[in-house]
Amino acid sequence: LNETMDKFKPPENCINLSVPTVNAQIRGNLSTATKIQDVCLQRILKLLSTGITAYARTLDGDNVISEQQDALALLCNAQYEINCLRKSSIKPTLNPKFTGLCRPSTAPPPHQLFGKDLSKQVKELDEE
């Protein structure tokens with residue numbers, strides 16, 4: 001399986017297909033069970049993003065039919081929902097005043113699940 005996955009690495013310019021890690025500030029406070037669950041979800045996301053990449057490479061850019069577009073949209077939405085699930089599973093471990101960090105975001109996750117400006121977000125929530 002690893003050999004197949006190596007053939008279909010998502011392009012670096014497709015941030016939506018990256019698998020974000022949990023920010024170190026949050027990861028350090030998670031229980032072992034929550035960390036294990038998140039790693040399992042990251043593996044699923046990696047398989048899903050690799051599958052999306054493989055499927056996208058089979059498409060003829062000049063002749064994509066609506067069913068193919070729909071399939072990509074559904075698969076990408078599944079990836080988004082898994083990232084939302086990851087945040088939801090972490091939410092109970094956070095201080096209640098910081099649970100706002102776990103709201104679904106319409107922006108694609110960067111390389112870290114809670115964004116690169118976590119300190120800024122925490123400060124804003126702390127001031128509310």
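I began with Cys84, which counts as buried because its relative accessibility is 13%, where buried means under 20% relative accessible area, exposed over 50% and partly exposed in between, with a 1.4 Å probe and protein chains only. I kept in mind that this is a predicted model, in which local features need pLDDT of at least 70, side-chain atom pairs count only at pLDDT 80 or more, and totals for chains, interfaces and linings use all residues. Residues are numbered from 1 along each chain as its sequence is written, and side-chain values use heavy atoms, with hydrogens and water left out.

Next I looked for disulfides, each a pair of cysteine sulfur atoms within 2.5 Å, and the count came to zero. Cys76 is in no disulfide, since the nearest cysteine sulfur, that of Cys14, is 9.0 Å away. The sulfur of Cys84 lies 10 Å from the closest cysteine sulfur, in Cys102, which is too far for a bond. At 36% relative accessibility, Cys76 counts as partly exposed.

Then I turned to Ser18, whose place is in the loop between helix 1 and helix 2 (24-27), helices being DSSP runs of H or I with at least four residues, numbered from the N terminus. Ser18 counts as buried because its relative accessibility is 18%, and its side chain reaches the backbone oxygen of Ile15 at 2.8 Å.

Last I checked helix 3 (residues 32-57): at 1.5 Å a residue its 26 residues should span 38 Å, and its end C-alpha atoms are 38 Å apart, which agrees; the expected span is 1.5 Å times one less than the number of residues.

Notes:
Helices (H or I, at least four residues) and strands (E, at least two) are DSSP runs, numbered from the N terminus. A polar contact is a pair of N or O atoms within 3.5 Å; within protein, one must be able to donate a hydrogen and the other to accept it, and residues adjacent in sequence count only if both atoms are side-chain atoms.
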